[in-house]
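This report covers domain layout, helix packing and selected backbone features. The sequence and structure are shown first.

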Amino acid sequence: MFEILLPGLILGGFALISSTGLFFASKKFYVEEDPRIEKVVDMLPGANCGACGFAGCQAYAENAIHKMSLETTCPVATEEEMFQISEFMGVDSGSGIKMVSSLMCNGTDANTQHIAEYHGIEDCWAYTLIADANKACAFACLGLGSCVTVCPFDAMKIENSIVIIDEEKCTGCTLCIDSCPKYILHMRPAGKTVTVTCFNTDNGAMAKKACNVACIGCMKCEKVCEDDAIHVNDFLAKIDYDKCTLCEKCVDVCPTDAIQVMGGRVHVAAENV
Amino acid sequence: MSLLKTFNRGGIHPPEEKHSANEPITYGTIPVQLMIPVNQHIGKPTEVVAERRAAVKRGEILAKSTGFVSSNVHSPVDGVVQKIVKFPLLGGQISDCVVIKPANIGENFKDIIDADTLNEVNIEGFSKDEIKSKIDEAGIVGMGGAGFPTHVKLSPPAEKPIDQLIINGAECEPYITSDHRLMLQKSDEMVKGIRILQKLFDDIPVTIGIENNKPDAVKSMTEATAPYKNITVQALQVKYPQGGEKQLIESITGREVPSKGLPMDVGVVVQNVATVVAVYDAFYYKRPLTERVTTISGNLVDKLVNIVYPMGTPVSHLFEPHGIDREKIRLLLGGGPMMGRTAFSLESPIGKTTSALLFFDDSAYEAREENPCIRCGNCIDVCPMGLPVAQLTEIIQANNISTSSKEDILDCIECGSCSYVCPADRRLVEWIRIGKNIIRREK
């Protein structure tokens, strides 16, 4: 009987001593952590994408609580979610306009021609190591899907050798912007659907030769715009989204269909109607 | 074991296919339009000085170098500048090109070359700086393929003494024979060019490295260099990439260029044979670099040639004189099959670094799927730089480049030996080039 009691007592004694030690240690070295951090992390969408500039959702929440400010917004969170967090923290929610990624190209198979066959690695950067362009237009989307690979939200797909972006799924995390070797992905406010789908800065004749739907810099859109929101520089129209009121007059007047309403109707050139 | 010198690690022996080796250098006709790329070198882009509708003379500067690591571009013919356009070069990159309408369309280029007068030059009368600036003005770049400005290579910093000059006549790429023909037909000119370069480094010993599959070139160069004691000819084992700068240095001197280092770190300067002839031309004919010998070969070409065309000749101008059927072209390579680039446009111009143009039809082309690595280790065996190629590509594919593998990736010379032997058709060089690109972007 004693043989079984002795080890029991020894182990029990050790357990008692170490648990007492641990108890005092935990009291002495207690790190006070703000319980609000955990709550904020729970409220965030939890994509852990790092698009806010911090190492992840935890780091973002720590920073927000530490500074008691939501100046850097979580680009993935919806307006409601940001509002909830700001209510909880008792501070103003940042100027969180939802941005989405938008492709400045409409160089589909029908609109421009492929100039070469490619049998290499399916990646835009791999392609740019061999040549600058694979379509007649040197600015066009390569259509090999580096952005599709990098998108964590499954919001992009390749169709007709250009990228199609699902505005519903896009959270505006901006990861795709840097993944594009042609620099033709840009961020725009989610509601502002009028987009110049061209990035060609060549003169009109060259651009038109390269692609049927290229911006030729004809200035018609600039003249028709009543809000001074569209300007042509280097033979390329650019929309100022702060001023654009979505009247779609530029869309109607564009002779080459280079201005499109995304996510809705597909426009046909004015003279063809 | 062969007694010929070679490098220790790796290497392959692809079929040589040097069918055009017995074709003497000929001269082509001047096309209707020349499209001269303004950036044909590695380094800072040039500044275009040619003006629209202005008349230019042969040898006039079209684009000026903008810094030390930059190179002039000259007009090869008399003519009128029509316009400046953007156009894809043979390498695929889009560059500004000066379009010139030549004055003597259809004339043989030989007549124009022969019109240059030969000057007797006393090399002893030149100072080192004068020699370098003359090479700089002539727009001479490394004609082996990379196009690095020659005067930069010839100006090592004072703390790196040079004790060996190597002339690269290995020409290890299949199909190409332009350097081979130069060594046969212009051996005396080449020796005079070597004497100019030797003057720069106080008569250091010079070795001309030639692969042993060109015994006639070895013989002709040995005869031409006989009067000079410190110029020797070294026959090398036939092994690709014998003509790689670092491999050639190891073969001839036994020295190994350190990782991330340059040949000057081991006291060596390497120049291509075609570059040496260009240096000779610049001094004895006062002729800037505006033309080069190009091998025209491939299974679509009726009559294989080593031919001189003025720089800027579009590829399409070659179809009629060489019996090439435009409709049948499936693959056009600028350079050799190992390191050359597939061209994108049949209108792309010939440049300073176009050592060969290879035309192939469907029979020579096969699209292959990339398969998973079977871990045979062939790529590691053949890598002349001793890199763990298979592992590196997996690291790059997973986008998980560590500091140590970064060094390895940057050491790759992109010779293509690994892709050549891979039984799984993996695009090993392509992956490594993506890796280099990722590292460059991180910086």
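## Domains of chain A

Chain A of this predicted model is divided into two parts: domain 1 spans residues 35-89 and domain 2 spans residues 99-272. Taken over C-alpha atoms, the centres of domain 1 of chain A and domain 2 of chain A are separated by 32 Å. Domain 1 of chain A puts 5 residues into the contact, and domain 2 of chain A puts in 7 residues. On the side of domain 1 of chain A that touches domain 2 of chain A, the division by class is 5 nonpolar, no polar and no charged residues.

## Helix 2 and helix 3 of chain A

Two packed helices are described by the angle between their axes and the distance between the axes. For helix 2 (residues 35-43) of chain A and helix 3 (residues 57-67) of chain A, the angle is about 130 degrees and the axes are 9 Å apart.

From helix 2 of chain A, the contact involves R36(A), I37(A), V40(A) and V41(A). These meet C57(A), Q58(A), A61(A), E62(A), A64(A) and I65(A) in helix 3 of chain A. By class, the residues of this contact divide into 7 nonpolar, 1 polar and 2 charged.

## Surroundings of C137(A)

C137(A) is placed in the loop between helix 5 (124-130) and helix 6 (146-150) of chain A. C137(A) counts as buried because it has 26 C-beta neighbours inside 10 Å, where 20 or more are required.

Leaving out residues up to four places away in sequence, C137(A) touches G107(A), T112(A), N200(A), A210(A), C211(A) and A214(A). I115(A) is 22 residues from C137(A) along the chain, and the C-alpha atoms of the two are separated by 9.3 Å.

## Domains of chain B

In chain B, the domain assignment gives domain 1 at 116-284 and domain 2 at 378-442. The C-alpha centres of domain 1 of chain B and domain 2 of chain B are 30 Å apart. Contact between them takes in 7 residues of domain 1 of chain B and 7 residues of domain 2 of chain B. The side of domain 1 of chain B that touches domain 2 of chain B is made up of 2 nonpolar, 3 polar and 2 charged residues.

## Backbone features in loops of chain B

Most residues other than glycine have a negative phi, and most peptide bonds are trans. The bond from Y240(B) to P241(B) is cis, with omega near -5 degrees. P241(B) sits in the loop between strand 11 (231-236) and helix 7 (245-253) of chain B.

Y175(B), a residue other than glycine, has a positive phi near 75 degrees. Its place is the loop between strand 9 (164-169) and helix 4 (178-185) of chain B. Y175(B) counts as buried because it has 26 C-beta neighbours inside 10 Å. D203(B) also has a positive phi, near 55 degrees, and lies in the loop between helix 5 (187-200) and strand 10 (206-211) of chain B. With 14 C-beta neighbours inside 10 Å, D203(B) counts as partly exposed, since that class falls between 12 or fewer for exposed and 20 or more for buried.

Definitions and conventions. Residues are numbered from 1 along each chain as its sequence is written. Chains are lettered from A and ligands numbered from 1 in the order in which they are written. This is a predicted model: local features need pLDDT of at least 70, side-chain atom pairs count only at pLDDT 80 or more; totals for chains, interfaces and linings use all residues. Domain bounds come from an automatic or database domain assignment. Two residues are in contact if their C-beta atoms, placed from the backbone, lie within 7 Å. Ala, Val, Leu, Ile, Met, Phe, Trp, Tyr, Cys and Pro count as nonpolar, Asp, Glu, Lys and Arg as charged, and the others, Gly among them, as polar. Helices (H or I, at least four residues) and strands (E, at least two) are DSSP runs, numbered from the N terminus. Axes are lines fitted to C-alpha atoms, for helices over the stretch in contact, and angles run from 0 to 180 degrees between N-to-C directions.
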